[in-house]
Amino acid sequence: MHDDVLKTEGRIKNTLQQRLRPRVQAERETCSVSAFVSGEPVGVSEALSASYTPVQPGLKWGAPWSTTWFQISGQVPSRWRGMRVEATVDLGFNDRGPGFQAEGLVFSPDGKPVKAVQPKNNWVAVETGDLPAAWSCFVEAVAMPSFLVRREPSRSALLGDRATMGTEPLYVFGGADLVMIDEDALALATDVEVLLGVMEQLAPTEPRRHEILRALERSVDAYDLDEDPQLAREVLKEVMAAPAARTAHRISAVGHAHIDSAWLWPVTETIRKCARTFSNVAALGERYPELVFACSQAQQWWWMKDKYPAVFERMKEQVKSGQIVPVGGMWVESDTNVTGAESLVRQLVYGKRFFLSELGVETEEVWLPDCFGYSAALPQLVLLSGSRWFLTQKISWNDTDKFPHHTFWWEGIDGSRVFTHFPPADTYNAEMLPSELAHAARNYAEQGFGTRSLVPFGYGDGGGGPTREMMERARRLADLDGSSRVVVEAPSRFFAAAQAEYVDAPVWSGELYLELHRGTLTSQVEIKQGNRHCENLLREAELWSTAALVGGRLPYPYEELEGIWRDVLLNQFHDILPGSSIAMVNDDAIASHARSAARLEGVIERAITALSSSGEGTGGVANEPATDASGTAGASGTGGAVAFNAAPHPQNGVPAFGAGRLSASSGGAKVSGGSVLENELVRVELNADGQITSLLDLATGREVIPPGLAGGVLQLHPDYPNNWPAWDIDPFYRHTHRDISAPQEITVIERGPDQVAVRAEYTFGSSRAVQTMSLAAGSRVIEVDLELDWRERERLLKLALPVDVHADRSTAEIQFGHVERPTHTNTSWDVARFEYVAHRFLHVGEPGFGVAVVNRGTYGHEVTALAKPGGGRATMVRLTVIRGPRFPDHRADNGVHRFHFGIIPGATVADAVRHGYQFNLPLRTVPSGQDVRPLVQLDNEAVVVEAVKAADDRSGDVVVRCYESLGGRAQTTLQAGFPVRSATVTDLLERPSTEVEVGPGNTIALQLRPFQVLTLRLVRGQAE
């Protein structure tokens, strides 16, 4: 037979594009439009009562980020009686797609939100009664810039900065119309589109492909004859009714709208994006009762309750009907690399508690489709929060290795396992296209073991959500030969079925490292440092406020601390904390951190002032000589300065979680010849460039710096990633670098005996660095204080420390523990992991000797094996200090910054844990007052207290969260500094699980497995 396949396919596509789709909007009537330029957002009541000016299509409107209200009026003609009528609004949409350009929210004349108008979803339903009839609405339109990541990124970035965005209009108004919809033509067009999509995914040798082709050809023949869509659809009935194969892949389709809580738009715009998207979902649900929409991020629900109560009430009704399903159980879809341990807990606690209290829903799946890697601490926290499952798809973005599973058990550092799914469709923004479903089926790694996968569908990133076109495709693809089976259902139904059929799924142990976006561990250092600072202050504020509560000194500031936590949690969103947002987002986050820090300092000051005062309290924490965990008292009395220690280990004679007098340091520190710093523990030699050429651990006689090398060296690299400037560090940056040397001046600024310090000043490019090396009496920590006036673009600065140890692996702190990573590059997985996260410390060592590096807000690290010329191997440790990408923030990190590092020779991992906390939680001193007995104490340094707080239910109970920090089994006794009536192990939401015995002296015996997180609720008794 002659081959006419290509001609036939071309004929079908032309009919669809040129004849069917244009026919859908059968008739139109032009609307009259007037506009009110508010500039800044205003309330709907103010907008409805404002003065409007008539406008015409072609109007240039919308300075960047400005708001314009359009009033649209039209007349529905009588000839449209009984027909489906809609209004269409063209705000000047471009080809960037939904979420990345102008958007509008439609309000009824009485001020109720209706739905959004966006690209590919620019219609509003028009109710028709007696005709002719007048119709009108208002549209709140925002001129959101379109950011071009790959074309002219630096120019685009200017639009995200309040100082450079300008006032030129961005859009040309395209007009508004009332249109009459030919529903038969629309149904036929959808049939043809779906069948074409299925056909194109089938091999040329598949009989089903040719069956569909000839059915479509006959349908076009029928349409050509009479242009009757119903007759043309009749021809397709048989081919549309053919059921999917028995072995067809099963798709659980879930409506979705991944709305970044800030990214290429500020938080203020995210709130409006949420209102638009959730209004779309409400409108769509009225037309499609089978719709199920997964909605994460409690913060966005909170915004709706606060700012758009009418939208929130519609959402609550759809929760009751099952059309909206809260998922995620987190306050925001947070970063999990940089976010601290207790912050990850609070993300889950604040998210789950909101859904429970406001909606009566216990979320079961942690939903993080778009984060830039996933901490190995997460599986345990997921289970401890009361959730069962985990979902992401971001690992499909790997630039080197293909992840081997889509459905599997993910095992965390403590051995906890959570059932996990990566949608093989490789997107969280699916459109329910046959090509996407075919890719999911072909790509599914568990063929022969599992049969199903999940597909999140709907316009995302900037929001918009699922559309009626997607729902119509889902209906037709439910059971169609040549395609996967599709059912629109809740994620929980998918997870339950997937777990039931694949109980013995494979196990992936450890972190889910994303082989991409490695630069997000460093970009926007001020935000990362601000987050770390706020996390430390929150720890202090809760600890001392709890001590003041227990001691009867002050009421606990529940509302204030909860409000600050919500602000800090918001700024941990996965495009804010990683530093991948526009300038105005970064400016807002920095300002938010500053406000939070100031408020927390106030909370802390009030608490420690009350605790150190000589007045009588009413609780169980006595103002008496403080003792450490062994019972040894520090210097006592009421005169002189009192130091408060919020770290979980004693510092300078002050016990953990208590306050007392500082013990005198033994020995002293001295500097010789302007280049040698030493005390009784270490000796440091600097060269003429201010770099460390010798670091001698006097206790062991070990030299830390390999022969011929120097430590504390600043190294400048070019930084031109191929695709994503703020996100990526590509491996070729290491091809070239320049050491920063030849200081303008080296000065001895402290000569002892308490501390010695040498300062070196450098200039390079347009930047200036002042690096100070200091050593205190009685300390093994060589502190490196770097003040940097950074003015470089597309450059990356490292701090290098070669270490003369043969380290097969590095040990890096993560939340509630640490992970070990190889220093070799044996496999492609090792090669790709060339930049990774560490929190407060990184440790490298060999049996008998190790070195730790601690920091106060630096996260990007690199550790490599270093061959020694005479044989053997050393280890190179490098910290990524700062970067200078041009997009999406054109001035990213330009300015003055301070960095703090500590080098600890002869350190074990336990030393690294202790110094990491102490380096970040220095003693807080008040001029005078009384000692404060520790609120809680532990007698095993392997078990670390992460949080001490008042119970969230405001009962006055005390909550203590601790964890095993060294990766071994541990026994410890917790001693409370107040009477304890009973104690219970709880989940993260402080719900009881197991009661534990309280022994004499308010002691509790605990046993923890490696890296176990344990939350205790202590019910206070009466003070004797």
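**Entry 1: two helices**

I started with helix α8 (residues 298–307) and helix α9 (residues 309–321), which pack at an angle of about 125 degrees with their axes 6 Å apart. That makes α8 oblique to α9. I noted to myself that this is a predicted model. Why those two values? Because two packed helices are described by the angle between their axes and the distance between the axes.

Next I looked up who meets whom. From α8 I listed W301, M304, K305 and K307, and across from them in α9 I found P309, V311, F312, M315 and V319.

**Entry 2: D728**

I found D728 in the loop between β30 (713–718) and β31 (738–739). Is D728 buried or exposed? It turns out D728 is buried, yet has no salt bridge. I checked for the nearest side chain of opposite charge, and that is R518, 6.0 Å away.

What does the side chain of D728 make a polar contact with? I got the side chain of H517, at 2.7 Å. Skipping neighbours within four places in sequence, I also wrote down the contacts of D728: L516, H517, R518, G519, D719, P721 and R883.

**Entry 3: A478**

Last stop was A478, in the loop between α13 (468–476) and β21 (485–488). Its relative accessible area is 30%, so I put A478 down as partly exposed. Not counting residues up to four places away in sequence, A478 touches R485 and V486. I also looked up A253: it sits 225 residues from A478 in sequence, and the two are 10.0 Å apart in space, C-alpha to C-alpha.

Conventions. Residues are numbered from 1 along each chain as its sequence is written. This is a predicted model: local features need pLDDT of at least 70, side-chain atom pairs count only at pLDDT 80 or more; totals for chains, interfaces and linings use all residues. Side-chain values use heavy atoms; hydrogens and water are left out. Helices (H or I, at least four residues) and strands (E, at least two) are DSSP runs, numbered from the N terminus. Buried means under 20% relative accessible area, exposed over 50%, partly exposed in between (1.4 Å probe, protein chains only). Lys and Arg count as positive and Asp and Glu as negative; His and the chain ends are not counted. A salt bridge is a side-chain nitrogen of Lys or Arg within 4 Å of a carboxyl oxygen of Asp or Glu. A polar contact is a pair of N or O atoms within 3.5 Å; within protein, one must be able to donate a hydrogen and the other to accept it, and residues adjacent in sequence count only if both atoms are side-chain atoms. Contact means heavy atoms within 4.5 Å. Axes are lines fitted to C-alpha atoms, for helices over the stretch in contact, and angles run from 0 to 180 degrees between N-to-C directions. Angles under 35 degrees count as roughly parallel, over 145 as roughly antiparallel, 65 to 115 as roughly perpendicular and the rest as oblique.
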